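Dear colleague,

Here is the structure I promised to pass on. My notes on it follow below.

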Amino acid sequence: MDTRSRQALSEQLVRSCHAPLPQFTRRRVAGRHHFPGKATAVLGARRAGKTTFLHQVRAERIAAGARQGRMPYISFEDERIADLDGAALGFLTEEYARVAPSGADASPVVWCFDEIQLFPGCERFVRRLLDEGESEVFVSGSSAQMLSLEVATSLRGRGWSVLMHPFGFDEALRHAGLTVPDPVGGTVVQERLALEREFRNWLMAGGFPEAQGLDMASRAQLLRDHVDVAILRDVVERHDVRNVAGLRWLVRHLLGNAGALFSVEKFHRALKSQGVAIARDTVHQLLGYLEDCFLVRVVWMETASERQRMVNPRKVYPVDTGLMPIFDRTGRANLGHALETAVLVELERRRMEVAYVKTADGYEVDFLARTPDGRPELIQVCADLGDPATARRELRALQSAGEEYPDAELHLITLYRDDVPPSLPQCVTCQPAWEWMLASR
């Protein structure tokens, strides 16, 4: 290892042991975020808040009485160490022993490694830290495949993943310094109207932390840059993609048509008609890469037949609603698709498995979600239930799916409380989205 790289790693170690932790908005994570004896992999889109969560873990340990010097933090996005590989990381433990604050302390060293997927062979270093039994390890990365498959395989079951999304509605409220009410306790009319305005603003702006409070033009430029970096570093460079033109067509199509049914075959034909040369298998691969780097989320149709699952179109959503108006060529803000996207991402935050349903009589329900303990919920999302015909159609689809999944709870989610139908079937619950989201915090 050259002197420049050694100095960069040493500086980061010293700074993490002594410098004040950065200010941050606390993130909400469902379930436990650490399991003894396992490396915690914090996964998610670039700029979604993974680094913040690592600092949150450190802050929690300090509040519980641990010394900051026992929690080294290393960012592998430092350009001075860009040429290193996993074999060089052994220097870190030696250097930490030299620069760590002195003093008796039997607590484990909590290592936090940010964007560790940039280093080939890093999983072997993580495994060694775990095998020595004196360390806890938290890593972050923007690639689900790298961390959930490659590292997990090397660690032989000693990995524990935490999925980080852009801000949910409650996090956006706290980031703006606003009070997060308890929806179960009820809200007065003025407070409810203010929450509805904030929710609609969040729905259009999205939840990327850096985009909060920006004007529309600045936010669009920032989010477009986020997408470009994800395309370049997490797809093109990582997977050696040669057909960059086809990739950009695919990104524009998916982010501009949130929640629409997507068929690889149809998209392939459309590209060919535009003179874009691309193989059908390449489209399949590119879609997988975009899901892998958390730029899009893919929802499959619920079916017991794997063949039916493969031949039916998927529904594809951006990871954040703020990306939609940037890539929507119509220039219209589609609140319905934004609301559906926000609900899907919230279901992922709650660690629920999600599919969509096509009933035998032709109705479609947005989501069949299963809780971590296996309880099914059928969820229909509709931004505007004010039209009685629309309300009847959405309820009819939900009840039709309920007949095929009799154990499922039936939920109807709308934008405003005033849109909740005055009379509902006894088996259906209906809530405005902001209330449904805040109930989970």
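R248 counts as partly exposed, because its relative accessibility is 33%, a value between the 20% and 50% cut-offs. This is a predicted model, and everything below should be read as such. R248 is found in helix α9, residues 244-256. Leaving aside residues up to four places away in sequence, R248 touches D228 and I231. I231 lies 17 residues from R248 along the chain, and their C-alpha atoms are separated by 8.2 Å.

Helix packing

Helix α8 and helix α11 (residues 280-292) have axes that come within 9 Å and cross at roughly 135 degrees. That angle makes α8 oblique to α11. The crossing of the two helices, α8 and α11, is right-handed. On the α8 side the residues that meet α11 are V235, R238 and H239, and their counterparts in α11 are Y289, L290 and D292.

Cores

The largest nonpolar core has 68 residues, and the members that touch the most others are F76, L92, F113, F262 and L290. Helix α8 (residues 216-239) gives the most to this core, with seven residues. A second, separate core holds 35 residues, among them V299, M324, F367 and I379.

F113 has a list of contacts of its own. Not counting residues up to four places away in sequence, F113 touches L54, I74, F76, L92, F125, L129, V137, F138, V139 and S140. L92 is also one of the buried residues of helix α3 (residues 90-99); the others are G90, F91, E95, Y96 and V99. The cover over the buried residues of α3 includes α1 (3-18), β2 (73-75), β3 (109-114) and α4 (122-132).

Strand β1 (residues 39-44) and β5 pair in the parallel sense over six bridges, and A41 has S161 in β5 as its bridge partner.

The mixed sheet

Another open sheet of five strands runs in the order β9-β10-β11-β12-β13, and its pairing is mixed. β9 (353-358) and β13 (428-432) stand at the edges with a single partner strand each, so one side of each is left without a neighbour in the sheet. On average, neighbouring strands of this sheet are turned by 30 degrees against each other, direction ignored. Strand β10 (residues 364-370) pairs with strand β11 (residues 376-381) in the antiparallel sense over four bridges. Within β11, E377 is the bridge partner of A369.

Two helices are in contact with this sheet. Helix α14 (residues 335-349) packs on the sheet, touching β9, β10, β11 and β12 (409-414), and its direction makes about 15 degrees with that of β10. Helix α15 (residues 388-404) lies across β9, β10, β11, β12 and β13, running at about 165 degrees to β11.

Regards

How values were computed:
Residues numbered from 1 in each chain as written. Predicted model: local features only at pLDDT ≥ 70, side-chain atom pairs only at ≥ 80, totals over all residues. Heavy atoms only, no water. Buried < 20%, exposed > 50% of the residue type's maximum accessible area, 1.4 Å probe, protein only. Contact = heavy atoms within 4.5 Å. Core = buried A, V, L, I, M, F, W, Y, C linked by side-chain atoms within 4.5 Å. Pairing = 2+ DSSP bridges. Axes fitted to C-alpha atoms, helices over the stretch in contact; angles between N-to-C directions. Parallel < 35°, antiparallel > 145°, perpendicular 65-115°, else oblique. Left-handed = near helix turned anticlockwise from the far one by under 90°.
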